[in-house]
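Please keep the sequence and the model in view while I talk.

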Amino acid sequence: KWDWDTWELAESDPKVLYVPVPMIWIVPCKKTELREFPSYECPLYKVSTRKGVLSTTGHSTNFVMPIQLASSRPEAHWVKRGVAMLTSLDS
């Protein structure tokens with residue numbers, strides 16, 4: 001979940017699997033102009049199954065892009081918990 005007080009990724013509440021994320025403004029820029037900050041590179045998927053056909057880029061066709069989220073915890077912490085973003089929930 002998103003912690004609005006600290007403006008970073010936070011532990012989810014018990015027994016809550018899905019929470020909405022804040023609106024994200026994606027601004028294109030050169031890689032050399034990216035701002036460095038403690039973060040988690042969160043994968044964004046189309047649906048929760050997280051599977052699809054492996055494309056020539058090495059990513060699943062279900063994978064959209066990584067989203068950099070502010071976090072004071074190491075990336076391994078969120079990877080171990082399987083944290084990911086979804087464009088929509090399965091119906």
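Predicted model: local features only at pLDDT ≥ 70, side-chain atom pairs only at ≥ 80, totals over all residues.

What share of the contacts in the protein chain with a separation of 6 or more comes from residues 24 or more positions apart? The share is 64%, where a contact means heavy atoms within 4.5 Å.

Residues are numbered from 1 along each chain as its sequence is written, and side-chain values use heavy atoms, with hydrogens and water left out.

Let me begin with the layout. The protein chain has 1 helix and 5 strands, these being DSSP runs numbered from the N terminus, with helices of type H or I and at least four residues, and strands of type E and at least two. Along the sequence the order is β-β-β-β-α-β, and the C-alpha trace spans about 40 × 40 × 25 Å along its principal axes. Of the 91 residues, 23% count as buried, where buried means under 20% relative accessible area, exposed means over 50%, and partly exposed lies in between, with a 1.4 Å probe and protein chains only.

Turning to the strands, β3 is mostly covered, since 6 of its 7 residues are buried. β3 pairs with β4 in the antiparallel sense over 7 bridges, and with β5 in the parallel sense over 2 bridges; two strands are taken to pair if DSSP finds at least two bridges between them.

The largest nonpolar core has 10 residues, namely W2, L9, Y40, C42, L44, I67, L69, A70, W78 and M85, and by a nonpolar core I mean a set of buried Ala, Val, Leu, Ile, Met, Phe, Trp, Tyr and Cys residues joined through side-chain atoms within 4.5 Å. β3 and β4 each supply at least two residues of this core. In soluble globular proteins, nonpolar side chains tend to be buried together. If we take I67 and leave aside residues up to four places away in sequence, I67 touches I24, I26, Y40, E41, C42, L44 and M85.

S71, for its part, is placed in the loop between β4 and α1. Is S71 buried or exposed? S71 is buried, with a relative accessible area of 2%, and its contacts, again not counting residues up to four places away, are E8, L9, P38, S39, Y40 and W78.

Next come the salt bridges, of which there are 3, each defined as a side-chain nitrogen of Lys or Arg within 4 Å of a carboxyl oxygen of Asp or Glu. One of them joins the side chains of D13 and K1, at 3.0 Å from N to O. This pair links the loop between β2 and β3, where D13 is found, to the segment before β1, which holds K1, 12 residues apart. D13 is partly exposed at 40% relative accessibility, and K1 is also partly exposed, at 34%.

E11 takes part in a network of salt bridges with R73 and R81. R73 and E11 have their closest N and O atoms 3.9 Å apart, and because R73 lies in the loop between β4 and α1 and E11 in the loop between β2 and β3, the pair ties together parts that are 62 residues apart in sequence. For R81 and E11 the closest N and O atoms are 3.2 Å apart, and that pair links the loop between α1 and β5, holding R81, to the loop of E11, 70 residues apart. The relative accessibility is 30% for E11, 41% for R73 and 45% for R81.

L17, in the loop between β2 and β3, is exposed, with a relative accessible area of 76%. Together with Y18 and L89, L17 forms a nonpolar surface patch of about 380 Å² of accessible area. Patches are made of residues with over 30% relative accessible area and no salt bridge, like charges being joined within 9 Å and nonpolar side chains (Val, Leu, Ile, Met, Phe, Trp, Tyr) within 5 Å.

Note on methods:
Areas by Shrake-Rupley, 256 points an atom, 1.4 Å probe, with all protein chains shown as cover.
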